[in-house]
Amino acid sequence: MSVRVRFAPSPTGYLHMGGARTALFNYLFARKEGGTFVLRIEDTDLERSKPEYTQVILDAMEWLGMTPDEGPYYQTQRFDLYKEKIEELLSAGHAYKCFSSPEELEADREKALAEGRKPMYSRKWRDRSDHPDGEPYVVRIKMPLEGTLTIDDMVQGTVTVDVKELDDFIIARSDGSPTYNFVVVVDDATMNISHVIRGNDHLNNTFRQIPVYKALGFDIPTFGHLPLIDGLSKRKGSASVQVYREQGFLQEAIVNYISRLGWSHGDQEIFTMGELESFFGFDHVGRSSSTFDQDKFLWVNSEWMKRLSPEELAKRWLPYLQEAGYSVELNDRLIAITALMRDRVNTMIALTEESHYFFTEDVTYDEKASKKWLKAGGLEGFGALVERLSALEAWNADAIEAVYKEVMAEFELGMAKVAQPTRIALTGATTSPSVYELVATFDRDVAIARLQTGLAYYSEYVGNA
């Protein structure tokens, strides 16, 4: 059988990182096996499902590079099929109409709890035909009454449950709408899904669904239940792909990091999508939960910022700069700034914040830095430095370095006594990349103007000291 897998999110919110990991493992398995990756939108929760969430999910999937081979399919467009299958189960005697009222069900539940039993439906309507006319009812599946059910899970291994633990669950509500554990079986079977790969929180559902497969005469797929991810907060979508994208994480880094939450390939930490497609397999997916480590995630992102070419990173940086209000365009200067600054940060937002002085005319001098580095003994040498840089024709790091060394030798100044006043003049503070590269990365006229303004500030600061 050819491999056909699916990712089936509900459009009731953003694409959570746990969901993205499930999508990725399905996608990688399909690619490794030469199979088909299907996207299905499970939008039967009409009250909570929103079109805008569907679009966010589709956009996130595309951005992460997990384009489906088929779909998206929508459950709301398949209600006729579900109704047909429910009638088929009723006609074959594999399901039944239940007329128990909510009050009866609650009374049964309280009695079971009082007697120390697991609350389960009493099955009082399971074999009855004396149906009251005009009364509302739900449809329940007939679960097996004896024996066990076993699956050979790709991740969890052999798992067995006693059918006594399983209830005759509802497959159609009183308004006729089908329930999750029913429609997911119909969808997976009719879409010829060969492997159902999903989170371990669905393991209990699997044993409810197997009798539905059997009752409908469907082949039962192979299951793989992935370990859950600890340390993720769903509060306000804080752990969604969209939020991490807005925070300045690269798509390569997200894919890379979530691939390692439950899967490994030796000691390798950084993977391209091509490598993941080649290496992935369930023989290296563990059973135990993984922990989401924000610091590790940031490290992976910083590594990917270094691996992309300066041109590519600058192209991706541009929207963040524009969002911050800077009027910039993709050119050689932006690429040079990107190359200079990217090793110092771990997100695109941090890159924007750390590089702000390249994109604004306003420089605010840090008082602590000024007090520490703007001393009378270095003023004359800094003045000579600014004068000679102003006369410099070749504007590059090597030529600028030569001027600095010349001034330091002539005025017997250490590097810090010329470099730090330079940084203060150009950026307002003393934290920056190599001072030669820093000066060279500014436009010549901007650098000279700031250095001259900084010199005037230096002179006034020393005079007022």
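Modeller: Arginine 123 sits in the loop between α4 (102-114) and β5 (138-141), where helices (H or I, at least four residues) and strands (E, at least two) are DSSP runs numbered from the N terminus. This is a predicted model, in which local features need pLDDT of at least 70 and side-chain atom pairs count only at pLDDT 80 or more, while totals for chains, interfaces and linings use all residues. Residues are numbered from 1 along each chain as its sequence is written, and side-chain values use heavy atoms, with hydrogens and water left out.

Although arginine 123 is not a glycine, its phi is positive, at about 65 degrees. With a relative accessible area of 22%, arginine 123 is partly exposed; buried means under 20%, exposed over 50%, and partly exposed in between, for a 1.4 Å probe and protein chains only.

Arginine 123 is one of the contacts of aspartate 168, a residue of the loop between β7 (157-162) and β8 (170-172). Aspartate 168 is buried, at 0% relative accessibility. When neighbours within four places in sequence are set aside, aspartate 168 contacts Tyr96, Arg123, Arg126, Arg140, Ile141, Lys142 and Met143, contact being heavy atoms within 4.5 Å. The side chain of aspartate 168 is joined to that of arginine 126 by a polar contact of 2.9 Å (a pair of N or O atoms within 3.5 Å; within protein, one must be able to donate a hydrogen and the other to accept it, and residues adjacent in sequence count only if both atoms are side-chain atoms).

From here the helices can be taken in turn. Asparagine 205 belongs to helix α6 (residues 203-216) and counts as buried at 16% relative accessibility. Beyond neighbours within four places in sequence, asparagine 205 contacts Tyr180 and Asn181, and its side chain makes a polar contact of 3.3 Å with the side chain of asparagine 181.

Two packed helices are described by the angle between their axes and by the distance between the axes. Helix α5 (residues 180-190) and helix α3 (residues 79-92) have axes that come within 10 Å and cross at roughly 105 degrees, where axes are lines fitted to C-alpha atoms, for helices over the stretch in contact, and angles run from 0 to 180 degrees between N-to-C directions. That makes α3 roughly perpendicular to α5 (under 35 degrees counts as roughly parallel, over 145 as roughly antiparallel, 65 to 115 as roughly perpendicular and the rest as oblique). On the α3 side the meeting involves Leu81, Tyr82, Lys85, Ile86 and Leu89, and on the α5 side Phe182, Val183, Val186, Asp187 and Thr190. This contact of α3 with α5 divides into seven nonpolar, one polar and two charged residues, with Ala, Val, Leu, Ile, Met, Phe, Trp, Tyr, Cys and Pro counted as nonpolar, Asp, Glu, Lys and Arg as charged, and the others, Gly among them, as polar.

Helix α15 (residues 376-390) and helix α16 (residues 397-411) have axes that come within 10 Å and cross at roughly 150 degrees. That makes α15 roughly antiparallel to α16, and the crossing is right-handed (left-handed if the near helix is turned anticlockwise from the far one by less than a right angle, right-handed if clockwise). The contact includes Ala384 and Leu385 of α15 and Val403 and Val407 of α16, and by class it has eight nonpolar, one polar and four charged residues.

The axis of α15 also comes within 10 Å of that of helix α19 (residues 444-464), the two crossing at roughly 160 degrees. α15 and α19 are therefore roughly antiparallel to each other, with a left-handed crossing. Among the residues in contact are Leu379, Phe382 and Leu389 of α15 and Ile448, Leu455 and Tyr458 of α19, and the contact of α15 with α19 divides into 10 nonpolar, six polar and one charged residues.

Glutamate 412, in the loop between α16 and α17 (415-427), has a positive phi of about 55 degrees although it is not a glycine. Glutamate 412 is exposed, at 73% relative accessibility.
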